[in-house]
Amino acid sequence: MAWDFASMDTSELDATIASLEAEVETLSAKGISLDMARGKPSPAQVDLSRPLLDVLNADSDLNDEGVDAANYGVPWGIPSAKRLMAAIMGCDERKVVVAGASSLNIQFDCLVHAWVRGVRGEAPWGTLPRVAFLCPSPGYDRHFAMTEHFGIENIPVPMCEDGPDMDVIEKLVADPAVKGMWVVPKYQNPTGITFSDEVVRRIARLAPAAPDFRVFWDNAYAVHDLYVEGDELLEIFGAIEEAGGRDLVYEFASTSKITFPGAGIAAVAASPEDLADLETTFAIERVCSDKVNMLRHARYLPDLAALKAHMAREAEVLRPRFEIVASKLEEGLAGIDDCSWGAPRGGYFVSFRGPEGSARAIVALCREVGVTLTPAGATWPGGEDPKDRDLRIAPSYPTLDELSEALDVFCTCARLVCARLAREARG
Ligand SMILES: Cc1ncc(COP(=O)(O)O)c(C=O)c1O
């Protein structure tokens, strides 16, 4: 059934609203309690990495190509772990520092570096009257929260179908107070969009007024394809080299959504000069990171073939969840004016866009019925979606049955909210 409220006459629309209200009431009485807010792997997915726990034992050789993983030293990562993280990011391992378990931690460290010490000899950002960051939106709430935490002004930039709006970005970087930009270039959180080659090349060609402007290139979903034919992202450092070789990007990745969230390994990649600059701060913060965990990961995922095989097993668990989202949204919302959603081929999220003024109402109604969604506005800087229309669906954690039930609730609530908005518009 196509839900075309626009073509209904008013009495038909009123009757539809009354019937949807009755449906919502019936759902409320069921005592449902489901959560579609959390972008974390399901237990079935995490269990796939359990063999990693057996890779090392008390008898294991803890030497990695001449490096003793069992002691201090070699602060920027053991050779095999650098190789693994370089393979994930698709860059040269000489550009990589492996540090800790969380890429968000490293992003925070890079901001601390810029704030306290300054990037490559420029004035520390903390001493400047105004520092701004570009925030393609909808985007990742924790990125925006991080810059907000430092008192940095977050400037929303529209997301288009092939990446952020580069016309807007090229204009905004002419302001020397604009010091950086958050991006998730592959299977973006939350839209699932992978930046086109043209967008990557335009980012690589950026000529910001601030010499200490850096793109925080968070490649969190670099190898997270749902299908054998995944999206292809142009490698950023190669694109920069082609464009003249300016130091422009800090790239980040982790194994959080490859092995164990919060207990994986994480890395930053940058030009050798940028890495040497970052290391002046990183060296104050730590003697070295957990090299035993690096060794465990590198032995479990020794090459690209092992990594791909592991990610294919992860995709087996995730793919049916994304397919349920696609079919339920199509069945439940097709034909409603101004409703659209993504069809990502990887990553962890599906982004939904409703009519203006619908998002908060949908979230509130779902909550009343017993389904928790990511709060409306969460994917915009400051939690403020100016048109109140974007929602993030996180299908990875619930079981297939739970997800199916949660999506039925979501679609019924969204239909009711949209029908009410269509009725209000008629006065
Ligand atoms: C874009 C993005 N970056 C980073 C993270 C978290 O990474 P980590 O666990 O390495 O800090 C997430 C988790 O959802 C994410 O979506």
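What follows covers the ligand and its surroundings, then the cysteines.

Keep in mind that this is a predicted model. As for disulfides, a search of the whole structure turns up zero.

**Around the ligand**

- The shell around the ligand is made up of Ser-102, Ser-103, Leu-104, Tyr-140, Val-184, Asn-189, Asp-218, Ala-220, Tyr-221, Ser-254, Ser-256 and Lys-257.
- Sorted by type, those shell residues come out as five nonpolar, five polar and two charged.

- Ser-103 uses its backbone here: one of its N or O atoms lies 2.7 Å from an oxygen atom of the ligand.
- Tyr-221 brings in its side chain, with a polar atom 2.6 Å from a ligand oxygen.
- Ser-256 also has a polar side-chain atom 2.6 Å from an oxygen atom of the ligand.

- Cys-366 counts as buried, because its relative accessibility is 0%.
- For Cys-418, the closest cysteine sulfur belongs to Cys-339 and is 3.8 Å away, which is too far for a bond because a disulfide needs the two sulfur atoms within 2.5 Å.
- Cys-418 has a relative accessible area of 3%, so this residue is buried too.

Key. Residues numbered from 1 in each chain as written. Predicted model: local features only at pLDDT ≥ 70, side-chain atom pairs only at ≥ 80, totals over all residues. Heavy atoms only, no water. Near = heavy atom within 4 Å. Polar contact = N/O pair within 3.5 Å; in protein donor to acceptor, adjacent residues only side chain to side chain. Nonpolar A, V, L, I, M, F, W, Y, C, P; charged D, E, K, R; others polar. Buried < 20%, exposed > 50% of the residue type's maximum accessible area, 1.4 Å probe, protein only.
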